[in-house]
Amino acid sequence: MLTDSTSPHLPNDSPLTMSPGFPNSDPPPDFGSHSDQAADKSSNLNAPSQQQGELFETAPPPWELAAQDDVALASIVFSEAPHGPYDYRIPDSMRDDLVAGMRVKVPLGRRKKPIIGWCTETKQGKAAHRSMRDIAEILDTEPLCDAALVRLVLWMSHYYQAPAGQVFDTLIPSSVRANAGTREKTYLLPSPMAKDDELVGSLPTKQQTALRFLIAAGRPMTSQQLSVVAECTQGPITQLRKKGFVQENVRREMNTPTSTRWQVDDGEVEVAHTLTDDQAQALSQVTGALDSGKGRTLLLHGVTGSGKTEVYIQAIEHVVKFGRGAIVLVPEISLTPQTRGRFERRFQSVAVLHSQMTPAERHFQWQRIRSGEVQVVVGPRSAVFAPMPHLGLIVIDEEHDGSFKQDTQPRYHARRVAYARAMSLNIPLVLGTATPSMESWHATATGRAELIKMPSRVGNRPMPDVQLVDLRVRDDRTAGAISRPLHTAVQQTLNENGQVILLLNRRGFATTIQCPACGYVVACPDCDMPLTHHRDGGKAVCHYCDYTIATPPWCPACRFDGIRYGGLGTQKLEVEVKARFPDAVVARMDSDTMRRPGSHQKVLSAFRAGKVNLLLGTQMIAKGLDFPNVLLVGVINADGALHFPDFRAAERTFQLVTQVAGRTGRGDRGGRVIVQTYSPEHPAIQAASRHDYELFAKGEMINRMKFNYPPLGSVARIIIRGVIEEVTEAIADSLLSRLEVARDTLGAEVRILGPAPPPITKLRGKYRFHLLLQSVDANHLGETIRRATKDFKIADKDDVQYVIDIDPMDML
């Protein structure tokens, strides 16, 4: 089960339970002390018995009550079912050591071995029954989550309807939980016996010498260190241990410390410049928020190239003056080298967290952050949980990006979690982008966030000209992916020693493999999705479950040997580009080529140095990157996601085209953009061609009003998946009935759609059905789901699971 009915409830007026993106009120969220709420309720329940006497005294004697109350309890949650929370007794020997945020081992059910759980709370209370079990072991010497992060875990568990144990596992990287890159070291200390001069004097000379060196050092030493300074072998030290003159202290330490600057940046040279009027005004508003000591949300809406990063850096410099730190979230690993380089040149201590690090590197950085020595943490969405002890500011760059939403349990959105963390600590949250999400834009319109505009580029450089190429016009089309106008522009740019970026948001060589004789499409047996042909290795791959086969040379159904590769991916585009422009040095950036650690900065450094003059790839090259010599950007197919069955399709298309267009025109030579499309009249593409966000947002909000889609309302999605299609559908219908009863009981206005098969009907061998819930009240929406799933049991034999996705970003 993916929900827990015992998750803490927030007050109805809690700002964190209101709209999908932002609160309806300014005060910071009260994550709530649920034990206090319980105490209030219990005092109300006991009130009548205090006011009227009873014929017979049924309460136990006062001394027995005192004994029952004097029990130290801990609430423990687990990442695997049953998730808890369950109360355990804290043995007297552990009372002073156990605090919330630590891992413990406890007995559970009939399991022979204790299992690992997370402590969410310690309290004094009554033992529910005499057989209450004791905590077996404390695994951590210090809490891995401080009190504020524990409260954040409980809020995430409640809002996203995910077990708290799974949220803890998300917050604390597996490398930290496994102590990656560490080993145990034994340190020696003088024992009380070493204070007895008469006893020490009776020792052999070498043992005396070693012991006196240890006493004089005034700090713990390993036996190897002691043998070096005392100039003796291990023998005398071993004898001191046996005789009790030396005590042992075992510590776990990093094995081989990793350099702070463990990677080089992408070769960008810092250019000093005075702040523009827009930057100065923006910085003034951010520092004003920092000095106010209040939790505030600021949307920094600056066009591409307006210098938002410099505003972030100077705001963080202001924070660092007061001994505090900042977290900077970026959407793509490809941005991390450039962003990290910019911050490392300006700050003494920068930590980086991302998925291409080794477990030991990640653990090392995490420990540095927790120790308080780090001023700035840079990373993708998981960096929002960085354990900074003195956090003063959170910045989310490219806040609109869909990668800030986690697509596995718990399905959190880093923007909302960052908001929750910032408000609970009374610190500002700065959201920066050229293409704000509709949620953020609506928040500024309703006063729940403050808008800071930066409408001009640094140096008053003009925005690049955008030319739309209508692929429906036969004269502009060619046999390949590159139209005649784009071919001419690329050749001209290369002749002028400029650089070119080509965007195609589909990887692989061909997106479909189909027989022209019988129509058979080579598909994934587990997902019912067409396999993508990858020329490297001659394989056909499912991009949803990684199912891989050798590309068939003939039709598997009718054996026709003229099988056709249709569609277009980045590999095929690369082949075409190299054939058309043989003198160009071409590099491709997509998830197939960027798998090795350091591969992003290697390509970007070569591109910045001019060793590569044509860069093509997927959306990872579309945002945030700053290359002054890029004179041309080409969008191969702007319609890739425009007609998806998703209410955010137009928004994503506008953002992608606008962002990639912003990669050009950043130098003194200007730039231009060519967008190839079959839908040049679409409002999203028209607005992107004019760099006009407000025009797009106005039209898009009108479309959202028709069905109260976010940000005007809240949406939740429940995906039901199982091996047998009929059984899965029956359980989906059963869940629908429970949702309808819960909604009617609450009297809530919640619209329920489905169950119906989603666009991807089968994934990883399981049939799928989904339910969509909509409401203008997020409280009613969440409570309807909680009530419906509270006691919802699915028999093991049915092999069906369901997933709850609050504020979903993916409708496929």
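Tutor: Let's start with a term: two strands pair if DSSP finds at least two bridges between them. Strands here are DSSP runs of E with at least two residues, helices are runs of H or I with at least four, and both are numbered from the N terminus. This is a predicted model, where local features need pLDDT of at least 70, side-chain atom pairs count only at pLDDT 80 or more, and totals for chains, interfaces and linings use all residues. Residues are numbered from 1 along each chain as its sequence is written, and side-chain values use heavy atoms, with hydrogens and water left out.

Student: How do you know that β28 pairs with β30?

Tutor: Four bridges join β28 (residues 751–756) to β30, and the cut-off is at least two, so they pair. The two strands run antiparallel, and A756 sits opposite H770 of β30.

Student: What about β29 and β30: how many bridges join them?

Tutor: Two, again antiparallel. L763 faces K766 in β30.

Student: Which strands does β27 bridge to?

Tutor: β27 (residues 714–722) has nine bridges to β30 and seven to β31 (residues 800–806), antiparallel in each case. On the β30 side, S714 is opposite S775 and I718 is opposite L771. On the β31 side, A716 has I806 as its bridge partner.

Student: Why is β30 called largely enclosed?

Tutor: Buried means under 20% relative accessible area (exposed is over 50%, partly exposed in between, with a 1.4 Å probe and protein chains only). Eight of the 10 residues of β30 (residues 766–775) are buried, so the rest of the structure largely encloses this strand. β27 is mostly covered as well, with eight of its nine residues buried. Across the 812 residues of the protein chain, 52% are buried.

Student: What makes α4 count as mostly covered?

Tutor: Six of the eight residues of α4 (residues 164–171) are buried: A164, G165, Q166, V167, F168 and L171. Their cover includes β1 (71–77), β4 (115–125) and α3.

Student: Now α3 and α14: why are they called oblique?

Tutor: α3 (residues 147–159) and α14 (residues 414–425) pack at about 135°, with axes 11 Å apart. Those axes are lines fitted to C-alpha atoms over the stretch in contact, and angles run from 0 to 180 degrees between N-to-C directions. Under 35 degrees is roughly parallel, over 145 roughly antiparallel, 65 to 115 roughly perpendicular, and the rest oblique. The angle of about 135° falls in the rest, so α3 and α14 are oblique to each other.

Student: Which residues make the contact?

Tutor: On α3 they are A148, L149, L152, W155, M156 and Y159, and on α14 they are R416, V417, A420, R421 and L425. Contact means heavy atoms within 4.5 Å. By class, there are nine nonpolar, no polar and two charged residues.

Terms used. Ala, Val, Leu, Ile, Met, Phe, Trp, Tyr, Cys and Pro count as nonpolar, Asp, Glu, Lys and Arg as charged, and the others, Gly among them, as polar.
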